[in-house]
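Dear colleague,

Please find below the sequence and the structure that I am handing over to you. My notes on the findings follow directly after them.

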Amino acid sequence: MPSSIGRRLLNRYQQSMPLSRLCIVVYPESPKAWTARSLERDIAAAGRTAEAAVESLLSIAEAHIAFDERHGRDPLSSFTAAPQLYWKAFAQAGAASQPREVKRVDSKFQVSYLVGMVPQNPIVRRYHALRSA
């Protein structure tokens, strides 16, 4: 696991990269609530279904992108990367089933979205793993 300095340097490097894709991990919080969380820029949104959570996240991200463009900033440059825990969950989602690409036809932004779904909140999964160890 990288040190806190290493994570900060990685976040700065990722922030300086042009944004062309956001990977999103989606997981249930309860039977009636889902969370979608982007990895390259740590943005999260909730919804009653997985699809609603993803749609909400895309709307939030695109609103921030539009704001940043109006103010001459790099898209989503004020957000750091998500914690490593969520990157690992996304990788596990990719191992279980192929993440799907989401395209928004009404969007004017050149950002693609790759969505992977996991069966459990990564924090809860980690908690259970630590308890059983």
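Strand 2 and strand 3 form a hairpin with 5 residues between them; strands here are DSSP runs (E) of at least two residues and helices are DSSP runs (H or I) of at least four, numbered from the N terminus. The two strands pair in the antiparallel sense over 4 bridges, where pairing requires that DSSP finds at least two bridges between the strands. Within this pair, Trp-34 has Gly-47 in strand 3 as its bridge partner.

Please note that this is a predicted model, in which local features need pLDDT of at least 70 and side-chain atom pairs count only at pLDDT 80 or more, while totals for chains, interfaces and linings use all residues. Residues are numbered from 1 along each chain as its sequence is written, and side-chain values use heavy atoms, with hydrogens and water left out.

Confidence

The mean pLDDT (the predictor's confidence in each residue, from 0 to 100) of the chain is 83, and 76% of its residues reach 70 or more. Confidence is highest in strand 3 (residues 44-47), at a mean of 98, and lowest in helix 1 (residues 4-16), at 48. Over residues 9-16 the pLDDT is below 50, and this stretch has 10 contacts in the model beyond near neighbours in sequence; a contact means heavy atoms within 4.5 Å.

The 5 strands make an open sheet in the order 3-2-1-5-4, with mixed pairing. Strand 3 and strand 4 (100-102) are the edge strands, each pairing on one side only. On average, neighbouring strands of the sheet are turned by 30° against each other, direction ignored. The angles in this message are taken between lines fitted to C-alpha atoms, for helices over the stretch in contact, and run from 0 to 180 degrees between N-to-C directions.

Strand 1 (residues 21-30) and strand 5 (residues 112-117) run parallel and are joined by 6 bridges. In this pair, Ile-24 stands opposite Val-115 of strand 5. Two helices lie against the sheet. Helix 2 (residues 50-70) packs on the sheet and touches strand 1, strand 2 (33-38), strand 3, strand 4 and strand 5, its direction making about 140° with that of strand 3. Helix 3 (residues 84-96) also packs on the sheet, touching strand 1, strand 2 and strand 5, and its direction makes about 90° with that of strand 1.

Strand 1 is also joined to strand 2 by 6 bridges, in this case antiparallel, and the two form a hairpin with 2 residues between them. Tyr-27 has Thr-35 in strand 2 as its bridge partner.

The nonpolar cores

A nonpolar core is a set of buried Ala, Val, Leu, Ile, Met, Phe, Trp, Tyr and Cys residues joined through side-chain atoms within 4.5 Å. The largest has 20 residues, of which Ile-24, Val-26, Ala-36, Leu-76 and Tyr-113 touch the most other members. Strand 1, strand 2, helix 2 and strand 5 each give two or more residues to this core, and helix 2 gives the most, with 7. Apart from it lies another core, of 11 residues, among them Leu-39, Phe-90, Ala-93 and Val-118.

Leu-76 is found in the loop between helix 2 and helix 3. Leu-76 counts as buried because its relative accessibility is 0%. The phi of Leu-76 is near 60°, a positive value in a residue other than glycine.

Yours sincerely

Conventions
Buried means under 20% relative accessible area, exposed over 50%, partly exposed in between (1.4 Å probe, protein chains only).
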